[in-house]
Amino acid sequence: MDSSPPTKRRRKTKSEGTNDNSSSSPVVVFAHGAGAPSSSDWMLRWKEMLKNALDAVEVVTFDYPYIAGAKKRAPPKAEKLVEFHKDIVKKTTEKYPAHPLILAGKSMGSRVSCMVAAEVDIDASAVICLGYPLKAMGGAVRDETLLQLTVPVMFVQGSKDGLCPLEKLEAVCKKMKSHNELHVINGGDHSFKIGKKHLQTKGSTQDQAEDLAVQGVSSFVSRCLKGK
C-alpha cells in the first residue's frame, strides 16, 4: 500500500471515524466461522494479523445471534445470516465513510461475507475468504454466490482442507466473473493447522506459513485499492 501517516496518529483519531484523515486505510469487517465466536483464539490472532498487515483503521468483529449469549444454538443456513451481517457492515461504513471496505471471514463467515458483497447496496473493495467451505455436508459444490460476485476475492486455503478440495476451488475460480486469487497453505487443514511432521520436513513453522498468507492478503488488498 502507499505510505500512510504513523500508526500513533491514526489511533488518536480512530474513535472519531469520519474525522480520520488516513482515508487510504481500509476498514475490515471480519466474520467468525460456524463453531467458534469472535472471541476465539483463532479469530483474535487473525484479527490482529489483518489489522497490522492491512494497516486497517479498524477490524470489526461480531457474533452472529445464534452463538451470542449463554445458550449456544446450531448455526442456521448461511442465507439467514446475511441481513444481520449486512447491518454490521452498514454501521461500520457509516462510522468510516471515507475508508475502503474489506469484507473478511473464517469458513462460514467467508461464505456469508461473499453473500453480503453481492448485495447491490454494499460497496466492498475486496473479500478475503479464510478457509472457504466450498463443499456442503452432502458433498455438493456451493459455488452459486461465488459465480455471481463482481468484487475481487482472495482465498486462503489449507491444502488438506476437506471442506474445500483445491481442484474443485480452482475449477470454480476459472468460472468466476470477478478477479480472484488463491494462496495455499501447504499441509494446512480447514483452520490452517499444519502437522508437525510436515513442518519438520519443510523446515518451516506454523507462524511462518501464516505470515506468508497474511503477506499475500496484504499485497492483494493493496492492488485492489490501487485499482479503484
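1. The largest pocket holds about 320 Å³ of space. A pocket here is an open set of points on a 1 Å grid over the protein atoms alone, where a 1.4 Å probe fits, with protein on both sides within 12 Å along at least five of seven lines; lining residues have an atom within 4 Å of a point. The volume is the space filled by probe spheres set on the points, which are joined across faces, edges and corners. Fifteen is the size of the lining, given as 15 residues, and Met 108, Arg 111, Pro 133, Met 137 and Arg 142 are the closest to the centre. By class, the lining has 9 nonpolar, 1 polar and 5 charged residues. Ala, Val, Leu, Ile, Met, Phe, Trp, Tyr, Cys and Pro count as nonpolar, Asp, Glu, Lys and Arg as charged, and the others, Gly among them, as polar.

2. The model is predicted: local features need pLDDT of at least 70 and side-chain atom pairs count only at pLDDT 80 or more, while totals for chains, interfaces and linings use all residues. Residues are numbered from 1 along each chain as its sequence is written, and side-chain values use heavy atoms, without hydrogens and water.

3. The second largest pocket has about 160 Å³ of space. Its lining includes His 183, Asn 186, His 198, Lys 202 and Leu 212. Strand S6 (180–185), helix H7 (196–202) and H8 each give two or more residues to this lining. Helices (H or I, at least four residues) and strands (E, at least two) are DSSP runs, numbered from the N terminus. The lining divides into 6 nonpolar, 4 polar and 1 charged.

4. Helix H8 (residues 206–226) also packs against helix H2 (residues 41–54), at about 45 degrees and with the axes 9 Å apart. Axes are lines fitted to C-alpha atoms, for helices over the stretch in contact, and angles run from 0 to 180 degrees between N-to-C directions. H2 and H8 are therefore oblique to each other (under 35 degrees is roughly parallel, over 145 roughly antiparallel, 65 to 115 roughly perpendicular, the rest oblique).

5. Helix H3 (residues 82–95) and helix H4 (residues 108–117) cross at roughly 75 degrees, and their axes come within 10 Å. H3 is therefore roughly perpendicular to H4. Val 82 and Val 89 in H3 are among the residues that meet H4, where Val 112 and Met 115 take part.

Note on methods. Contact means heavy atoms within 4.5 Å.
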